[in-house]
Amino acid sequence: MKNKSQTEHFVAVIGAANMDLMGKITGEAVDGDSNPGAVTISPGGVARNIAENLALLGTRCELVTAIGNDAWGHQLTGHCESVGIGMSHGIVSGTHRTSSYLSIHDKQGELITAINDMSVLDCINSEALEERLSMLSGADAWILDANLTEAALAYLFCHAENKPIWVDPVSTIKAQRLIPYLSKIHCLTPNLDEAQLLSGVQVEDFTNAPLLAKKLHDKGVNNVMITSGERGAYASDGNTAFCLEAETLSVKNVTGCGDAAIAALVHGSITGLDWKESGKLAMSAAALTASSEQTNSPLLSTLGTNV
């Protein structure tokens with residue numbers, strides 16, 4: 001009997017799943033000292049966050065990630081399955097611990113610094129991906145995060161054929177891994193710093209986002225959305241370009257806003273929205289996420305359409 005994901009439309013999401021440990025300082029931050037605040041633990045990871053957002057929006061997805069055979073790994077799997085993420089193609093390592101991400105935020109919810117411990121992602125290698133290629137080939141689209149190793153990215157871009165690939169660069173450090181594959185990316189969602197690195201152009205501020213988008217198009221990227229937090233985003237598909245204003249909601253936690261935006265872009269594409277309407281949906285998803293204490297806002301389900 002065929003797996004449901006092989007007989008119906010779905011998106012394959014490939015990358016990190018981890019436990020997020022978030023500390024939020026309640027007063028003014030004091031460097032080099034112990035700051036009073038609140039600490040929370042929740043499921044996270046860029047690819048996993050995107051997958052949960054897709055599920056909330058109503059798009060079916062399969063998550064290819066790696067976790068350890070430990071308490072956090074079991075907790076992650078249980079949570080993902082409970083919210084509708086397909087986990088049957090995940091990798092469980094007996095020698096690595098489950099990934100974790102520790103972030104520190106100021107009282108406004110803005111990120112101060114973070115640490116990631118993600119060596120288990122080395123298990124997403126060419127051999128593991130080869131075993132899952134049949135499932136991946138049946139997906140309508142792939143979403144990759146740049147937490148993947150250079151070897152994993154090389155394998156995926158080599159075997160994508162004409163599959164539309166959406167990519168979250170994650171950070172300037174990890175975005176460098178994407179440079180050889182820009183011409184194979186259907187849609188890229190960098191922030192301003194990541195866009196500068198990937199385009200090879202330095203700019204003064206976000207008003208120069210159109211120049212960065214053009215340079216990325218010149219390098220072969222089909223669609224670009226450059227994000228800039230409260231300033232919104234600049235989106236271009238090479239023909240249609242526009243600025244998107246950030247929706248005004250109270251900010252409680254910016255972690256996961258970019259993950260919500262790319263999930264909404266993909267959901268919009270899968271459900272037949274045009275580029276501009278998908279961009280507006282992405283802004284709504286990011287705003288709802290920023291206004292929630294949770295990395296994945298349950299309110300995203302109010303934006304979605306089942307496919």
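A crossing of two helices is called left-handed if the near helix is turned anticlockwise from the far one by less than a right angle, and right-handed if it is turned clockwise. In this predicted model, helix α10 passes α11 in a right-handed crossing.

**Helices α10 and α11**

- Two packed helices are described by the angle between their axes and the distance between the axes.
- For α10 (residues 257–270) and α11, the angle is about 150° and the axes are 7 Å apart.
- On the α10 side, the residues in contact are Cys 257, Ala 260, Ala 261, Ala 264, Leu 265, His 267, Gly 268 and Ser 269.
- On the α11 side, they are Trp 275, Ser 278, Gly 279, Leu 281, Ala 282, Ala 285, Ala 286, Thr 289 and Ala 290.
- Sorted by class, the contact of α10 with α11 holds eleven nonpolar and six polar residues, and no charged ones.

- Strands of a sheet pair through backbone hydrogen bonds, either parallel or antiparallel.
- β2 (residues 18–25) pairs with β3 in the antiparallel sense, over eight bridges.
- Within this region, Gly 23 stands opposite Val 39 in β3.

**Helix α6**

- The buried residues in α6 (residues 150–159) are Ala 152, Leu 153, Tyr 155, Leu 156 and Phe 157.
- An α-helix has 3.6 residues a turn, so residues three or four places apart point the same way.
- The helices that the buried residues of α6 pack against are α4 (126–131) and α5 (133–137).
- The strands that these buried residues of α6 pack against are β1 (11–14), β9 (141–145) and β10 (165–168).
- After α6 comes Glu 161, which has a positive phi, near 55°.

**Thr 295**

- Thr 295 is placed in the segment after α11 (275–290).
- Thr 295 counts as buried because its relative accessible area is 8%, and the cut-off for buried is under 20%.
- Thr 295 and Gly 232 are 63 residues apart in sequence, and their C-alpha atoms are 19 Å apart in space.

Note on methods
Residues are numbered from 1 along each chain as its sequence is written. This is a predicted model: local features need pLDDT of at least 70, side-chain atom pairs count only at pLDDT 80 or more; totals for chains, interfaces and linings use all residues. Side-chain values use heavy atoms; hydrogens and water are left out. Buried means under 20% relative accessible area, exposed over 50%, partly exposed in between (1.4 Å probe, protein chains only). Helices (H or I, at least four residues) and strands (E, at least two) are DSSP runs, numbered from the N terminus. Contact means heavy atoms within 4.5 Å. Axes are lines fitted to C-alpha atoms, for helices over the stretch in contact, and angles run from 0 to 180 degrees between N-to-C directions. Ala, Val, Leu, Ile, Met, Phe, Trp, Tyr, Cys and Pro count as nonpolar, Asp, Glu, Lys and Arg as charged, and the others, Gly among them, as polar. Two strands pair if DSSP finds at least two bridges between them.
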